[in-house]
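This report sets out selected geometric features of one protein model.

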Amino acid sequence: MAAESLLRAVLRRKVEFLRHVRQRRAQPYSTKPPTAGEQIPTAGNVPNLPFWQRLGPLTRAAFAYARAQRKRPYTTQVATSLVIYLFSDISAQRMGGRDYDPKRTVRSLIIGSICSIPSFKWTLWLSNSFNYSSRILSLGTKVVVNQICFTPIFNSYFFGMQAFLAGESWNNIVERIRVTVPVSFVNSWKVWPAVTAISFTFIPMEYRSLFAGVVAVGWQTYLSFLNRKAEDGKAVEAPVVAASTQAPSRPVTMAAPYLRTRPALSAALRPLAPKPRLQSFPRRPNSTTTTTPTTTTTATPTESTKAAAAAAAADPSIVPRRLKLSAYAAALATVLGVGYYYATDTRASAHQYLVPPLLRTIIPDAEEAHHVGTAALKGLYDVGLHIRERVPEYPNGPLSVNVFGKQLLNPIGISAGLDKDAEIPDPLFALGAGVVEVGGCTPFPQEGNPKPRVFRIPTVDGLINRYGLNSRGADAMATRLRERLRKFARSVGLSENQVLNEDGTHDIPPGSLHPGRLLCVQIAKNKKTDEKDVNAVIRDYVYCVDKLAPYADVLVVNVSSPNTPGLRDLQATEPLTKLLSAVVDAAQATKRKNKPRVMVKVSPDEDDDTQMEGVVEAVWNSGVDGVIVGNTTKRRTGIIPPGVKLIGDEPEILHEDGGFSGPALFERTVSLVGRYRKMLDGYALKNEADKSAAQKVLFATGGITNGEQALKVLNAGASVAMVYTGMVYGGSGTITRIKTEMKEKLGVKSA
């Protein structure tokens, strides 16, 4: 006690001395006493770090693993799987009580390396899917989906590969899968739902595979223990049964309780345990073994081979069964391969005639169907099963067009609205589009208008929406686009700065990250920003430019949404000029070699000559690079073709508030494109100062659904024809179909 008191006194004096020294050192810089928020760090007021951050070398190792996971995810996953499967196999073999078999370890490493990356991609997809407002619902859905979808597939692969690598016949492989997978699926519910729930609740993404691997090693060891106990029980049972056969009057009491209970559990779990190593001596066929009370004669290997051939000859059904199984396997592989190529090709007719009507039938709410479609495109792309265009395109192909000095592969684009938060630009590019527009994006998150806010009119392939620019905000979109760019940079061995400055990327745009394609990012103001306060509106747009300009090839200024009060008032010449000038200046300040271009999106309802001339004047005076002609319309006259009668509740839906889009807008779009082209070119000729300026670019959107219509708007003066509603009703093959029809009209033979 005396020593303890002395130690406390010394430490107290030491702390007081250090406090005194720190105060004296701080005296020349500040004479104010420390406030409550500026207390000197002592043992009583320094917050403790979490336990896992105070483990010294273990903490540093964990951080190093997380950095490796973020920098080289696939390499790290393969290495992690190899280590996990190595320890799992060694543990299982040791627990099995037999001699170590290195061949079995090699088989385990092969199995683990093959499944490492698909399992990782599945975990990523599951992490980003089924994230509802209810945490319990999200977690429960993830667990159920993982158990129902992933577990049977993985178990079939695991046990099938074990048998295949061990050299077993196809019959044995199929039988092994048939016997083991159902039992393993049932037993997996005992552990893995809890593992999945804990992983998605408490474990960071970087450590989930490691956590699951550690649990798998423990589970494998436990199953091996049960398997060994079961084998020991059989070893005890054999002599007891033999003795009871020779002396029926002798009671069997020693092993009976154990044999009645333990084998039941071990038999249920044995398929999950490692397979016992086979003996080194050859298996003896029954037909070549002769047993007498005193001697046993075993056939030689040559005799065994002859006996096997004799058995096959005696049973003529063996060869046909094997041939039939091989034929079934080949047919199944062919069907799966052909089905994969068909289902993932944009030319498949199912994407036009089956999927869109089925989606409308299953999900009556148009907005929910939109979210399901977006999630499907994203999820399939993440696992490499996405729909893609397999028709090759070349920089100088028949549909190639020069836009902003870039040679695009084709002039077909996808309008904003399909990908509001830049979640699926790459899956949309994979569908064949030369231009993809994401957004609109507001500076800060906003919910948009109350639901329901999207309505279908299938009779005329039309949509009415009043989203109200629902957005997660510029910061969220910038984070997503930056992570996408960084991932691309890692894949090509470049830095983020090199990609932004197109240094070593072979002229790949830093927005689209695809050669011959452009990514447009649409920006807008928040709903709560007063449209009469032009300076506040400018701050909204400039904030979006500062955040998003590095990751966009083209910035689109939306002043034409019919669902944001007062937004279209900004199309007046004076406020539009000030706004566009500020956006252009902010875009030019982007820290990038090639600055993003700026376009303005105008309304189809502002079609008076005076209004259009004001827009043209603002475009030229501000230095904007082009105009996107068209958006949804508030008008309801002239959008129902003569002789077409709406059915059901479509007449009421037609008068819902919001903007209408669909094929009915096409003629208006063609007319507006021609008029804007004429006005833009005419303004340059009338103003000597602007004669040397480059021609303004026009994009057209509104009612374009086929190749003939696309050619019409291009011939009217547009450089790019964009689709939106045509994708909703035409499916994911719409872009490919439009380009094919364009080639047919131009007399170009498809590749």
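In this predicted model, the lining of the second largest pocket draws at least two residues from each of α11 (318–343), α13 (355–362), α14 (366–382), β7 (454–457) and α24 (725–730). Helix α14 gives the most to that lining, with nine residues. The space in the second largest pocket amounts to about 910 Å³. Its lining comprises 34 residues, and Val355, Leu359, Gly373, Thr374 and Leu377 are the closest to the centre of the pocket. By class, the residues of this lining divide into 25 nonpolar, seven polar and two charged.

**Enclosed cavities**

Rolling a probe the size of a water molecule over the atoms shows where empty space is left. The model contains four cavities of 30 Å³ or more. The second largest cavity holds about 420 Å³ of space. Of the 33 residues that line this cavity, Ala416, Asn465, Asn631, Thr632 and Tyr724 lie nearest its centre. Elements β6 (435–441), β15 (720–723) and α24 each supply at least two residues of the cavity lining. What is the make-up of the cavity lining by class? The lining of the second largest cavity has ten nonpolar, 21 polar and two charged residues.

**Aromatic pairs and charges over rings**

A pair of aromatic rings is described by the distance of the centres and the angle of the planes. Across the whole structure, 14 aromatic pairs are found. Among them is the edge-to-face pair of Tyr74 and Phe120, with 6.2 Å centre to centre and 85° between the planes. This pair links distant parts of the chain, since Tyr74 belongs to helix α3 (residues 73–96) and Phe120 to helix α4 (residues 102–128), 46 residues apart. Are the two partners buried or exposed, in whole or in part? Tyr74 counts as partly exposed because its relative accessibility is 33%, whereas Phe120, at 9%, counts as buried.

A further edge-to-face pair is formed by Trp125 and Phe130, with 5.5 Å between the centres and 90° between the planes. Trp125 has a relative accessible area of 18% and is therefore buried, the limit being under 20%. Phe130, at 23% relative accessibility, counts as partly exposed. Both rings belong to one aromatic cluster, which is formed by Trp122, Trp125, Phe130, Phe150, Phe154, Tyr157, Phe158 and Phe159.

The charged end of Lys142 sits over the ring of Phe200, at 5.2 Å from the ring centre. Likewise, the charged end of Lys696 sits over the ring of Trp620, at 4.5 Å from the ring centre.

**Burial along helix α7**

Phe200, the ring under the charged end of Lys142, is one of the buried residues of helix α7 (residues 192–202). Pro193, Val195, Thr196 and Ser199 are also buried in this helix. Seen down the axis of α7, the buried residues fall within an arc of 160°, so they line one face of the helix. An α-helix has 3.6 residues a turn, so residues three or four places apart point the same way.

**Backbone geometry**

The table lists the angles.

| Site | Feature | Value |
|---|---|---|
| Gly439 and Gly440 | cis peptide bond, omega | about 0° |
| Lys451 to Pro452 | cis peptide bond, omega | near -5° |
| Phe404 | positive phi | near 55° |
| Leu469 | positive phi | near 55° |

Pro452 is found in the loop between β6 and β7.

The positive phi values at Phe404 and Leu469 occur in residues other than glycine. Phe404 lies in the loop between β3 (401–403) and β4 (406–408), and Leu469 lies in the loop between β8 (462–465) and α16 (474–491).

How values were computed:
Residues are numbered from 1 along each chain as its sequence is written. This is a predicted model: local features need pLDDT of at least 70, side-chain atom pairs count only at pLDDT 80 or more; totals for chains, interfaces and linings use all residues. Side-chain values use heavy atoms; hydrogens and water are left out. On a 1 Å grid over the protein atoms alone, a cavity is a set of points where a 1.4 Å probe fits but cannot get out, and a pocket is an open set with protein on both sides within 12 Å along at least five of seven lines; lining residues have an atom within 4 Å of a point. Grid points are joined across faces, edges and corners, and a volume is the space filled by probe spheres set on the points. Helices (H or I, at least four residues) and strands (E, at least two) are DSSP runs, numbered from the N terminus. Ala, Val, Leu, Ile, Met, Phe, Trp, Tyr, Cys and Pro count as nonpolar, Asp, Glu, Lys and Arg as charged, and the others, Gly among them, as polar. Rings of Phe, Tyr and Trp (its six-membered ring) pair if their centres lie within 6.5 Å; planes under 30 degrees apart count as stacked, over 60 as edge-to-face and the rest as tilted. Buried means under 20% relative accessible area, exposed over 50%, partly exposed in between (1.4 Å probe, protein chains only). A charge sits over a ring if NZ of Lys or CZ of Arg is within 6 Å of the ring centre and within 35 degrees of the ring normal. The arc is that of the directions from the helix axis to the C-beta atoms.
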